[in-house]
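Dear colleague,

My notes on it follow directly after.

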Amino acid sequence: MAKLFINEENMIGRIEPEVYGHFSEHLGRCIYEGIYVGENSDIPNTNGMRNDVVEALKELKVPVLRWPGGCFADEYHWMDGIGDKSCRKKMVNTHWGGVVEDNSFGTHEYMELCRQIGCKTYINGNLGSGTVQEMSEWVEYMTFNGVSPMADLRAANGHKEPWTVDFFGIGNENWGCGGNMTPEYYGNEYRRYQTYVRNYDKKKQIKKVCCGANIDDYYWTEGVLNTAFANTEDFVHGFMDYLSLHYYVHPEGWKIKGSATDFNDAVWYKTLYKALYMDTLVTQHGAIMDKYDPDKKIGMCVDEWGSWYTCEPGTNPGFLYQQNTLRDALIAGITLNVFNKHCDRVKIAALAQMVNVLQAVILTEGDKMVKTPTYHVMHMYRYHQGASLIESAVTGAGETGAGKWTVPKITESVSKDGEGIITITLNNLSIETAEGMEIKLADNGYKVIEAKVVTNTDIHAHNTFEAPEQITEQEFTGYTEHEDHISVKLPASSVTVLRVKK
Ligand code: AHR
């Protein structure tokens with residue numbers, strides 16, 4: 001019998017709410033159709049944003065939303081997306097399908113979306129093909145409260161008050177689609193561009209995100225930090241607040257990727273093994289960051305993570321539309337447990353992407369909308385946002401899978417909120433067997449106040465527009481409360497949340 005030991009007296013650190021963030025790019029049907037349909041659409045909307053999607057995102061407690069890219073960010077010229085919509089410049093979205101981008105969703109629309117969702121803002125600036133002046137003026141346009149050319153322009157476009165920019169990315173994937181730079185070149189560019197991202201409101205400091213590595217490119221991390229911090233006496237607060245990391249799970253590798261819905265048991269384990277690799281990446285990049293930032297003042301910002309499969313047959317390959325099965329629920333559960341456990345370093349993350357692209361939480365078709373298995377996992381995990389990670393460890397659960405793709409059977413993380421409620425999130429990675437487990441806390445007398453599970457007897461199960469509820473959060477009844485422990489039986493291939501209180 002497996003055991004989960006929880007020491008609720010040992011608070012390890014705060015799980016920042018922003019670790020549960022999302023990413024929306026001008027890519028395929030993420031922004032257009034998925035989120036923004038325009039004021040004149042027949043689909044019910046508020047100021048152009050789909051009501052059904054916004055409602056679902058509010059239930060998810062989305063803490064922060066990154067925009068406008070991704071690769072799109074380093075080709076985006078923000079001035080094309082302001083002012084009278086009929087006059088906005090049309091451009092080719094070269095990265096994503098070569099379609100026409102009419103710029104009808106721009107800065108004002110993004111800010112309106114975040115207002116409706118109730119989340120923080122994370123704008124990704126253009127370093128790859130934009131100028132320092134352009135980046136600087138965008139920040140002035142959004143945040144300056146006073147008389148200035150950009151603040152006046154904002155007012156002329158209908159928004160007198162400045163907005164809050166919580167996070168600002170200085171370029172995206174500048175080792176690749178953002179300019180194919182070397183770490184040293186980018187490190188110098190980072191120093192220059194970030195200088196002009198001004199904090200006009202001293203009480204609302206814009207947090208700056210430096211472009212970090214792709215997967216295990218430790219050379220990039222070392223080179224960027226070494227250059228960025230050369231000749232700096234000590235760490236100037238506000239110079240760099242976060243370093244990003246991007247990691248996608250491709251079951252069959254970058255070129256082939258693999259089907260979202262058609263996979264065998266071996267590929268299930270291979271995929272989960274690759275999801276677990278996030279732990280190694282955070283640890284190794286974190287060790288390099290420790291050399292430059294031993295006090296951990298710079299957060300790691302994993303602002304692109306999730307599964308990336310071969311797109312759905314019959315869809316535009318440039319749109320990255322894919323289905324989302326129980327396997328994706330496990331990828332989400334595993335990854336979020338990793339982030340929780342590394343709460344000392346991982347301070348923001350963004351699942352890629354929010355709607356209709358990659359490991360989306362929502363899929364839409366016309367006026368229909370479905371919540372994916374990933375949505376339900378993020379919904380169950382929302383209690384971790386802002387809670388304190390507490391010490392926990394699993395023993396006796398063993399391993400599952402086969403050969404190279406052997407994985408731990410159970411992963412977990414546990415947190416405690418301000419009201420003393422303890423949230424336990426557990427994943428059973430095994431396709432074959434349930435797992436009996438004793439949950440033992442330091443103190444006795446805890447009672448279960450909520451228990452939910454996402455599971456299915458078919459690992460390929462997913463939600464479609466015809467059958468939207470194949471996988472949802474179900475009441476979890478497989479537990480028994482004892483004087484000094486709680487025993488549970490975790491179904492095979494499942495993600496479970498238990499909330500307990502004394
Ligand atoms: O999320 C899709 C793409 O993946 C992003 O545009 C880019 O940053 C990454 O390569």
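This is a predicted model: local features need pLDDT of at least 70, side-chain atom pairs count only at pLDDT 80 or more; totals for chains, interfaces and linings use all residues.

**The ligand site**

Residues are numbered from 1 along each chain as its sequence is written, and side-chain values use heavy atoms, with hydrogens and water left out.

The ligand has 13 residues around it, of which Glu25, Cys71, Glu173, Tyr248 and Glu304 come nearest (a residue is near if one of its heavy atoms lies within 4 Å). By class, this shell holds 7 nonpolar, 3 polar and 3 charged residues; Ala, Val, Leu, Ile, Met, Phe, Trp, Tyr, Cys and Pro count as nonpolar, Asp, Glu, Lys and Arg as charged, and the others, Gly among them, as polar.

For Glu25, a polar side-chain atom lies 2.7 Å from a ligand oxygen. The side chain of Glu173 has an N or O atom 2.7 Å from an oxygen atom of the ligand, and for the side chain of Asn172 the distance is 3.1 Å. Of the 280 Å² of accessible area that the ligand has on its own, the protein covers 94% (Shrake-Rupley method, 1.4 Å probe).

**Strands and sheets**

Strands are DSSP runs of E with at least two residues, numbered from the N terminus, and two strands pair if DSSP finds at least two bridges between them. An open sheet of 10 strands with mixed pairing runs in the order β23-β22-β26-β20-β19-β16-β1-β21-β25-β24. Its edge strands, β23 (474-475) and β24 (479-481), each pair on one side only. Within this sheet, β20 (residues 422-428) and β26 (residues 494-501) are antiparallel and share 7 bridges, with Asn427 bridged to Val495 in β26.

Strands β14 (residues 362-365) and β15 (residues 368-371) also run antiparallel, joined by 4 bridges, and Thr364 stands opposite Met369 in β15. They form a hairpin with 2 residues between them, and Gly366 in the turn has a positive phi of about 55°.

**Backbone points to inspect**

- Trp67 and Pro68 are joined by a cis peptide bond, with omega about 5°; Pro68 lies in the loop between β5 (64-67) and β6 (91-93).
- Ala352 and Gln353 are likewise joined by a cis peptide bond, with omega about -15°; Gln353 is in the loop between β13 (346-352) and β14.
- Glu33, although not a glycine, has a positive phi of about 85°; Glu33 is in the loop between β2 (21-23) and β3 (45-46).

With kind regards

Definitions and conventions:
A polar contact is a pair of N or O atoms within 3.5 Å; within protein, one must be able to donate a hydrogen and the other to accept it, and residues adjacent in sequence count only if both atoms are side-chain atoms.
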